[in-house]
Amino acid sequence: MAHTERARWWYVRRAQNRKPATYRCPLCGGYLPALSEHVLLVPEGDSSRRRHAHTNCAVAARRAGKLPSREEWLRTQPQPPSRWRRAIERLRRRDQ
Ligand SMILES: [Zn+2]
């Protein structure tokens, strides 16, 4: 992943391109014709920083855990206890 910028999470979607441009895949560094089937990597949902990547490269990177989705990233973040959990803990304390 030497060519991708740092992002906490990525939005990956199928690219729909009608422009006959050629991009460079940030995952493998190889050329990517815009009219071929490929995906867009959107760092933290910021489409101004989106990169075109080979579908296979994106799938492999996802499998290797290198392109976590927003939901996957959120799960790794410390979260405040939910109301439900706090209620259960209150009940537990009362029972002791
Ligand atoms: Zn690639």
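Helices (H or I, at least four residues) and strands (E, at least two) are DSSP runs, numbered from the N terminus. The model shown is predicted: local features need pLDDT of at least 70, side-chain atom pairs count only at pLDDT 80 or more, and totals for chains, interfaces and linings use all residues. Residue numbers start from 1 along each chain as its sequence is written.

**View 1. The open sheet has three strands in the order 1-4-5.** Its pairing is antiparallel, where two strands pair if DSSP finds at least two bridges between them. Strand 1 (10–14) and strand 5 (51–54) are at the edges with a single partner strand each, so one side of each has no neighbour in the sheet.

**View 2. Strand 1 pairs with strand 4 (residues 38–43).** Five bridges join the two in the antiparallel sense. Arg-14 has Val-39 of strand 4 as its bridge partner.

**View 3. Glu-44 sits in the loop between strand 4 and strand 5.** Its phi is positive, about 50°, although Glu-44 is not a glycine. Glu-44 has 13 other C-beta atoms within 10 Å and is partly exposed (buried means 20 or more such atoms, exposed 12 or fewer, partly exposed in between, with C-beta atoms placed from the backbone).

**View 4. Cys-57, Ala-58 and Ala-61 are buried in helix 1.** They lie on the same side of helix 1, because they cover an arc of only 95° around the axis (the arc of the directions from the helix axis to the C-beta atoms). The buried residues of helix 1 pack against strand 1, strand 4 and strand 5, with contact meaning C-beta atoms, placed from the backbone, within 7 Å. Gly-65, with a positive phi near 80°, follows helix 1.

Terms used: Contact = placed C-beta atoms within 7 Å.
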